[in-house]
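Here are some worked exercises on helix packing and a pocket. Have the coordinates open, and try each task before you read its solution.

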Amino acid sequence: MSDKSTEQPNNNWGPLGIISVLIGVVSWFIGGMLSLGIGMVAVALGFIGNKKHQKLSLTGMIFGAFSVLFVNLMNLGIVPIPSSLESDKSHIINSINASIRAFEVLKNKKLKDQEREKLISHCGDALQEAGMVNIVEIERQVPGFRSHYKDEFMKGMESLIEGYENSDFSKKIKGGLLLDKWAIWNRENNKSLGKIKEPAPSLVAFIGGVIIR
């Protein structure tokens with residue numbers, strides 16, 4: 001028979017279990033690789049605590065594992081970012097893609113009513129995406145962005161919409177010239193724009209974004 005006095009209790013309180021839970025919860029509110037690192041610490045502490053039969057250790061391991069799994073799925077592109085959490089860089093790219101679709105329609109010299117409506121719709125999409133960009137923040141990373149994006153890209157799109165809605169030739173020309181200026185600046189600063197930082201969402205923010213969507 002085993003000596004019951006030497007057996008370790010199966011549910012004693014200890015610091016490792018409590019700390020692993022706290023760290024695991026913290027990892028849910030932080031994004032990116034930092035969340036991954038903190039989550040792994042929670043898993044490690046929980047594992048050790050579980051070996052020592054400390055309460056909450058398994059819970060701490062699970063909390064940390066959620067963050068580790070989430071970050072890895074995000075990095076692999078398996079989990080898409082909800083539209084409500086799209087970054088400034090994503091909105092810039094979406095606005096430019098919408099403008100490209102607009103110019104695809106413009107390839108036809110004589111636009112039918114349906115094509116004209118498509119053109120106006122694409123320009124409107126570009127403006128909507130542009131309006132969600134934190135221009136001041138991007139200006140800090142890419143000097144000159146603010147004036148070119150607002151005064152050339154956005155005003156160019158506005159002029160095109162006015163021109164095709166009201167059959168105003170001067171507005172069409174103005175819009176085209178402004179967008180040509182933007183295209184030149186965009187091409188010259190393509191590398192800098194490509195380096196714009198994209199903040200990684202936390203697990204809590206991701207869940208909130210999915211609910212909102």
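Predicted model: local features only at pLDDT ≥ 70, side-chain atom pairs only at ≥ 80, totals over all residues.

Residues are numbered from 1 along each chain as its sequence is written, and side-chain values use heavy atoms, with hydrogens and water left out.

**Exercise 1.** Work out how helix H1 (residues 15–28) and helix H2 (residues 32–51) are oriented.

Solution. Start with the axes, which are lines fitted to C-alpha atoms over the stretch in contact, with angles from 0 to 180 degrees between N-to-C directions. The H1 and H2 axes come within 8 Å and cross at roughly 160°. H1 is therefore roughly antiparallel to H2 (angles over 145 degrees count as such). Next, the handedness: H1 passes H2 in a left-handed crossing (the near helix is turned anticlockwise from the far one by less than a right angle). Finally, the contact (heavy atoms within 4.5 Å): H1 uses residues including Leu16, Ile19 and Ile23, which meet a set in H2 that includes Ile38, Val41 and Leu45. By class, this contact has eight nonpolar, seven polar and no charged residues. Here Ala, Val, Leu, Ile, Met, Phe, Trp, Tyr, Cys and Pro count as nonpolar, Asp, Glu, Lys and Arg as charged, and the others, Gly among them, as polar.

**Exercise 2.** Describe how H7 packs against H5 and against H8.

Solution. Take H5 (residues 113–131) and H7 (residues 145–165): their axes come within 9 Å and cross at roughly 150°. H5 and H7 are therefore roughly antiparallel, and H5 passes H7 in a left-handed crossing. Among the contact residues are Leu119, Cys123 and Leu127 of H5, and Phe153, Met157 and Ile161 of H7. That contact divides into 13 nonpolar, two polar and three charged residues. Now turn to H8: H7 and H8 pack at about 150°, with axes 7 Å apart. H7 passes H8 in a left-handed crossing, and their contact has ten nonpolar, six polar and eight charged residues.

**Exercise 3.** Which helix gives the most to the lining of the second largest pocket?

Solution. First list the lining: Ile96, Ser99, Ile100, Phe103, Phe153, Leu179, Asp180, Trp182, Ala183 and Asn186. Then assign helices: H4 (88–106) and H8 (169–188) each supply at least two residues. H8 gives the most, with five residues. By class, the lining has seven nonpolar, two polar and one charged residues.

Conventions:
Helix = DSSP H or I, 4+ residues; strand = E, 2+ residues; numbered from the N terminus. Parallel < 35°, antiparallel > 145°, perpendicular 65-115°, else oblique. 1 Å grid on protein atoms, 1.4 Å probe; cavity = no way out; pocket = protein on both sides within 12 Å on 5 of 7 lines; lining within 4 Å.
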